[in-house]
Amino acid sequence: MDAQIKRGLLDILVLAAIKDEDSYGYSIIKDLKPYLEISESTLYPILKRLEAAELLTVRSAEHNGRLRKYYKITKAGLLRLDAFADEWQEVMRIYNYVTRGEDKNDEA
Amino acid sequence: MTKLEFLKELGTHLPSMASEDKKKVLDYYAELIDDYTEDGLSVDDAIEKMGGVDTIANSIKNEIAQKKRNGFISSLSKTAFVSLCTLLGIGAFAGGVVLICLSVSCFAFGLSAIALIPTGIAFFFKGAFAAGFFTVGGAFVLAGLSLALAVSVFLLFKYCRAFRRWLLKSGKECDDK
């Protein structure tokens with residue numbers, strides 16, 4: 001996948017991973033694996049960026065005698081996901097335009 | 001390699017990082033190793049899965065370099081950027097008022113200079129040389145002031161436009177985050 005497109009999608013995917021419940025780094029990586037491979041070193045700056053943009057918040061909670069950081073989506077983060085869904089309709093229109101007539105070409 | 005050895009080595013790869021930021025990064029990787037080992041992996045396997053110390057350190061360095069390239073505005077949160085824009089907006093309004101005042105003054109001084117020159121010449125014809133010199137001199141002073149103000153207005157307008165372009169570009173960067 002194109003690096004620019006992937007970069008944009010990663011932010012959205014990370015937000016989507018914490019949309020329903022708070023999550024932590026390791027779990028986010030595992031949850032996203034079926035959709036897009038994301039390395040640990042890639043996730044960290046994304047989390048920092050999303051936190052700086054106030055799209056998520058961080059809290060520490062105890063887990064098995066150690067502290068683990070949990071990421072929680074904010075209202076702004078949820079709005080960002082809604083905006084992405086709206087934008088995607090536009091992307092699909094462009095996709096349909098770009099791939100128009102390909103089925104006919106394949107059949108021929 | 002133990003978790004502590006890994007974290008110590010990673011820390012030595014990031015000498016230019018602020019200690020607070022470095023601690024956050026090391027905490028993040030310590031947590032990941034704990035999660036991996038909790039999931040059944042050895043520390044060595046966890047480190048290998050994450051790409052090893054060099055890869056991780058390079059990735060962090062690249063991110064820092066990218067941040068520096070993006071500049072000050074990109075590092076601001078949206079709220080901070082909006083606050084900064086509000087302050088700058090107030091400044092821009094005051095600047096606009098000053099610009100208008102300078103333009104009006106420039107116009108007024110220019111007109112006065114034009115009006116005073118024939119008046120001065122008329123004094124010369126009437127033989128009132130002192131009044132003539134004084135009036136023509138005053139006209140030149142006003143013309144000079146008018147010219148200086150015109151240059152100031154031009155430069156101010158030019159820098160305002162450059163500032164507006166920078167602000168729009170920065171706003172877009174902040175929005176893209």
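Where do Lys23(B) and Asp27(B) lie, and how many residues apart are they? In this predicted model, both residues belong to helix H2 of chain B and are separated by 4 residues, about one turn of the helix. Their side chains meet in a salt bridge, with a distance of 2.9 Å from N to O. Lys23(B) counts as exposed because its relative accessibility is 52%, a value over the 50% cut-off. Asp27(B), by contrast, is partly exposed, its relative accessible area being 32%.

Over all chains, a search of the whole structure finds 12 salt bridges. Another of these pairs is formed by the side chains of Asp22(A) and Arg59(A), at 3.2 Å from N to O. This pair links distant parts of the chain, its members being 37 residues apart. Asp22(A) is placed in the loop between helix H1 (3–17) and H2 of chain A, whereas Arg59(A) is placed in strand E1 (residues 56–63) of chain A. Asp22(A) is partly exposed at 24% relative accessibility. Arg59(A) is also partly exposed, with a relative accessible area of 40%.

The contact between the two chains was examined next. Chain A contributes 23 residues to the contact and chain B contributes 19 residues. About 2,000 Å² of area is buried between chain A and chain B, and carbon and sulfur atoms give 47% of this area. Of the area that chain A buries against chain B, 35% is supplied by Tyr26(A), Glu40(A) and Tyr44(A), more than by any other three residues.

Between chain A and chain B the count is 5 salt bridges. On the side of chain A that touches chain B, at least two residues each are supplied by helix H2 (25–32), helix H3 (40–52) and E2 of chain A. The largest share of this side, 9 residues, comes from H3(A). By residue type, the side of chain A that touches chain B divides into 10 nonpolar, 4 polar and 9 charged residues.

One salt bridge that crosses between chains joins Asp39(B) to Lys30(A), the closest N and O atoms being 3.3 Å apart. Asp39(B) lies in the loop between H2 and helix H3 (43–49) of chain B, and Lys30(A) lies in helix H2 of chain A. Both partners are partly exposed: the relative accessible area is 42% for Asp39(B) and 44% for Lys30(A).

Arg66(A), Arg68(A), Asp35(B) and Glu38(B) are linked in a network of salt bridges. Within this group, the side chains of Arg68(A) and Asp35(B) meet in a salt bridge at 2.6 Å from N to O. The side chain of Arg66(A) makes a polar contact with the side chain of Glu38(B) at 2.9 Å. Arg66(A) is located in strand E2 (residues 66–73) of chain A. With a relative accessible area of 14%, Arg66(A) is buried, so the residue falls under the 20% cut-off. Not counting residues up to four places away in sequence, Arg66(A) touches Ala61(A) in chain A, together with Glu31(B), Asp34(B), Asp35(B) and Glu38(B).

The nonpolar residues were considered separately. In soluble globular proteins, nonpolar side chains tend to be buried together. The largest nonpolar core here has 47 residues, among which Val14(A), Ile28(A), Phe6(B), Leu10(B), Tyr28(B) and Tyr29(B) touch the most other members. Helix H2 (residues 19–38) of chain B gives the most to this core, with 8 residues. Leaving aside neighbours within four places in sequence, Tyr28(B) is in contact with Ile29(A), Glu40(A), Leu43(A), Tyr44(A), Leu47(A) and Tyr71(A).

Glu9(B) is found in helix H1 (residues 3–12) of chain B. At 32% relative accessibility, Glu9(B) counts as partly exposed. Apart from residues up to four places away in sequence, Glu9(B) touches Met1(B) and Val53(B). Glu9(B) and Lys49(B) are 40 residues apart in sequence, and their C-alpha atoms are 17 Å apart in space.

Conventions: Residues numbered from 1 in each chain as written. Chains lettered and ligands numbered in written order. Predicted model: local features only at pLDDT ≥ 70, side-chain atom pairs only at ≥ 80, totals over all residues. Heavy atoms only, no water. Buried < 20%, exposed > 50% of the residue type's maximum accessible area, 1.4 Å probe, protein only. Polar contact = N/O pair within 3.5 Å; in protein donor to acceptor, adjacent residues only side chain to side chain. Contact = heavy atoms within 4.5 Å. Buried area = accessible area lost by both parts, 1.4 Å probe. Salt bridge = Lys/Arg side-chain N within 4 Å of Asp/Glu carboxyl O. Nonpolar A, V, L, I, M, F, W, Y, C, P; charged D, E, K, R; others polar. Core = buried A, V, L, I, M, F, W, Y, C linked by side-chain atoms within 4.5 Å.
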